[in-house]
Amino acid sequence: MHTGDERVIARMRPHARVLVVPVLVLWACAGLAMLLLDRVDWPLWNVAVLTVAGIVVALLTVVPTLAWLSRGFVFTTERVIIRSGFGGTRRETMLSRVHDVTVRRRGLQALFGAGDVLLSTGGDRAVVLSDVPSASLVQRTISELLGAQGPVTPERVDA
C-alpha cells in the first residue's frame, strides 16, 4: 500500500570495521615496497617490487573497499531497500509485510554495536540486513515505523 508521502529515514552501509584489514594491507605494502626498492642490483627489481605491491593492493585493498561501497541499506517510511553490487541486486521489503524485527550479533559485532537485523515477513526465511551499524537503533526505528503504520486495512473503493 503506497501512501504517496514516503520519506527516506536513513541511508547506511554495512559497518566499516571490514575496512581495517584492507587499510593495514595498504600500509604494509607501501612500507615494504619502500623498504625493498633499490635493494638489489638488478634492472627489473624495482619494476617487480612495484608490480607485486600493486597486485596485492588491488586484490586485498581496492576490491574489498569497492565491495563495501557497493552495499547499502535505505530505510523509508514504507519500505527497506537492500542494495548490493554497483547497479546490481536491489531487494525491497515493504514494512507492511514485516511483523517482527530481531537483532542477531556474532563475533565482534557486539563490541562495535553492529549486528544482523532480521525482518520476519511470514515467508520461509527472514530478510537479513547484514552487519548493520547501530543495529539496536535500527531495530527500534523499524519497530516504531511499524507501530506508526497501524493495522493494515483494505482500501474502500466507491463506484
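The model is a predicted one, in which local features need pLDDT of at least 70 and side-chain atom pairs count only at pLDDT 80 or more, while totals for chains, interfaces and linings use all residues. Residues are numbered from 1 along each chain as its sequence is written, and side-chain values use heavy atoms, with hydrogens and water left out.

Strands E3 and E4 pair in the antiparallel sense over six bridges; here helices (H or I, at least four residues) and strands (E, at least two) are DSSP runs numbered from the N terminus, and two strands count as paired if DSSP finds at least two bridges between them. In the hairpin that E3 and E4 make, four residues lie between the strands, and glycine 85 takes a positive phi near 85°. On the side of E2, strand E3 (residues 79-84) is joined to E2 (residues 72-76) by four bridges, again with the two strands running antiparallel. Within this pairing, phenylalanine 75 has valine 80 of E3 as its bridge partner, and phenylalanine 73 stands opposite isoleucine 82 in E3. E2 and E3 also form a hairpin, with two residues between them.

These pairings belong to an open sheet of four strands, in the order E1-E2-E3-E4, with antiparallel pairing. Strand E1 (8-12) and strand E4 (89-94) stand at the edges with a single partner strand each, so one side of each is left without a neighbour in the sheet. From one strand to the next, the twist averages 10°, where axes are lines fitted to C-alpha atoms (for helices, over the stretch in contact) and angles run from 0 to 180 degrees between N-to-C directions.

Another open sheet is formed by three strands in the order E5-E6-E7, and the pairing in it is antiparallel. Its edges are taken by strand E5 (100-104) and strand E7 (127-132), each of which has a single partner strand, so one side of each is left without a neighbour in the sheet. The twist in this sheet averages 20° from one strand to the next. Strand E6 (residues 115-120) and E7 pair in the antiparallel sense over four bridges, and leucine 129 in E7 is the bridge partner of valine 117.

Valine 138 and valine 117 are 21 residues apart in sequence and 7.9 Å apart in space, C-alpha to C-alpha. Not counting residues up to four places away in sequence, valine 138 touches Met12, Phe75, Val117, Val132 and Pro133, contact meaning heavy atoms within 4.5 Å. Valine 138 is buried, with a relative accessible area of 7%; buried means under 20% relative accessible area, exposed over 50% and partly exposed in between (1.4 Å probe, protein chains only).

Helix H1 (residues 20-36) has 17 residues and reaches 24 Å from its first C-alpha to its last, close to the 24 Å expected at 1.5 Å a residue, the expected span being 1.5 Å times one less than the number of residues. Pro22, Val25, Cys29 and Ala33 are buried in H1. Seen down the axis of H1, its buried residues fall within an arc of 60°, so they line one face of the helix; the arc is that of the directions from the helix axis to the C-beta atoms. The face turned away from the buried side of H1 carries the exposed residues Trp27 and Met34. After H1 comes aspartate 38, whose phi is positive, near 60°.

The buried residues of H1 pack against helix H2 (45-69). H1 and H2 pack at an angle of about 175°, with their axes 9 Å apart. That makes H1 roughly antiparallel to H2 (angles under 35 degrees count as roughly parallel, over 145 as roughly antiparallel, 65 to 115 as roughly perpendicular and the rest as oblique). The residues that make the contact include Leu26 and Leu36 of H1 and Trp45, Val49 and Leu60 of H2. Threonine 61, also found in H2, is buried, with a relative accessible area of 9%. Leaving aside its neighbours within four places in sequence, threonine 61 is in contact with Pro22, Val25, Leu26 and Val56.
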